[in-house]
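Hi there,

Please have a look when you get a moment.

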Amino acid sequence: MAVGVAGTAAQADEWQDPNDVLQMLLEAQPDSKYLHQSEMNIMMMPDNPALWLLDDGERLFHEERGPNNASLESCDFGKGEGVLEGAYVELPRYFDDVGKVMDFEQRLVHCMKEIQGFTSDDSAVSQRHGSGSDIMRLTTYIAHQSSGYAWNPPLDHPEEQAMRDAGEKLFFRRGGAMDFNCAACHGDSGKQIRASVLPEMRNSQEWTKAVSWPAHRAGQDNVRSQNHRIRGCVWQMRHAGILPDTPVNTALISYWNDAARGEPAILPDLKR
């Protein structure tokens with residue numbers, strides 16, 4: 001497994017520009033075909049279209065709205081009410097108020113329902129994907145407050161450890177009509193789907209970029225989330241679909257983020 005990015009370990013507890021984080025990873029791994037595969041995306045990173053969502057996300061976070069006419073400033077993502085700095089990279093985690101482990105999107109939806117009064121049928125909650133959705137605007141703004149922080153999902157609570165371990169089982173479990181698992185694509189270096197080089201999950205510097213969502217998908221011209229990436233991978237493997245806000249979805253994210261532990265997050269990222 002790769003060691004930490006030179007010069008970033010001491011800075012991993014403070015905010016860093018996502019382009020600066022990417023450049024440090026590129027310099028640390030000059031031979032990584034995955035990290036260096038798209039010269040165009042690397043050049044576009046300072047003007048990443050995902051950054052255009054930040055202002056809307058900030059407005060939505062502080063705006064009093066929903067049936068309860070309340071903002072999200074009292075939402076606790078694990079570091080205290082309204083504290084966003086470094087919170088995104090420490091999820092999933094166990095929350096005492098609900099008695100279970102939640103991933104980021106699950107927690108955001110929980111706050112939108114409990115604090116603002118939205119229901120599952122309201123478009124603010126039901127529309128999870130696309131740059132025009134409230135969820136993606138909020139996700140991009142909140143995640144951006146953790147850019148450059150090291151992935152550090154807590155494993156102190158037994159349910160946090162159990163969720164991470166379940167994610168590892170799911171990652172390596174073969175299934176579906178094609179007998180695929182996640183490791184079939186990400187278990188070794190040099191794997192490709194058509195012309196796209198895939199990240200190896202045991203190379204933590206490749207993996208931190210792989211799990212750094214939200215990210216603008218150049219090929220889809222939309223900002224996407226970790227949940228959207230899971231949905232895409234599951235479909236490509238021809239497995240049964242995974243719904244958001246479910247334990248199996250949270251378990252995979254828990255294992256993903258743990259595999260990038262100690263490496264700085266690129267938030268938001270720009271991908272092919």
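The lining of the largest pocket is made up of 28 nonpolar, nine polar and seven charged residues. Do keep in mind that this is a predicted model. The pocket has a volume of about 890 Å³, and of its 44 lining residues, His186, Arg229, Cys233, Gln236 and Trp256 lie nearest the centre. Several elements each supply at least two lining residues, among them α7 (158-172), α9 (204-210) and α11 (247-259). The top contributor is α10, with five residues.

The second largest pocket holds about 280 Å³ of space. It is lined by 14 residues, and the closest to its centre are Arg194, Arg229, Trp235, Gln236 and Arg272. Here too α10 gives the most, with five residues. By class, this lining divides into four nonpolar, five polar and five charged residues.

Now to the cysteines. The count comes to one disulfide, which joins Cys75 to Cys111 with an S to S distance of 2.0 Å. The link is right-handed, with 70 degrees about the S-S bond. Cys75 sits in the loop between α3 (54-62) and β1 (93-95) and Cys111 in helix α4 (residues 104-114), so the bond ties together parts that are 36 residues apart in sequence. Both Cys75 and Cys111 are buried.

Cys182 is in no disulfide, and the nearest cysteine sulfur, that of Cys233, is 6.6 Å away. Cys182 counts as buried, at 14% relative accessibility. Cys185 is likewise in no disulfide, with the sulfur of Cys233 the nearest at 7.3 Å; Cys185 is buried at 16% relative accessible area.

Best wishes

Note on methods. Residues numbered from 1 in each chain as written. Predicted model: local features only at pLDDT ≥ 70, side-chain atom pairs only at ≥ 80, totals over all residues. Heavy atoms only, no water. 1 Å grid on protein atoms, 1.4 Å probe; cavity = no way out; pocket = protein on both sides within 12 Å on 5 of 7 lines; lining within 4 Å. Points joined across faces, edges and corners; volume = space filled by probe spheres on them. Helix = DSSP H or I, 4+ residues; strand = E, 2+ residues; numbered from the N terminus. Nonpolar A, V, L, I, M, F, W, Y, C, P; charged D, E, K, R; others polar. Disulfide = S-S within 2.5 Å. Buried < 20%, exposed > 50% of the residue type's maximum accessible area, 1.4 Å probe, protein only.
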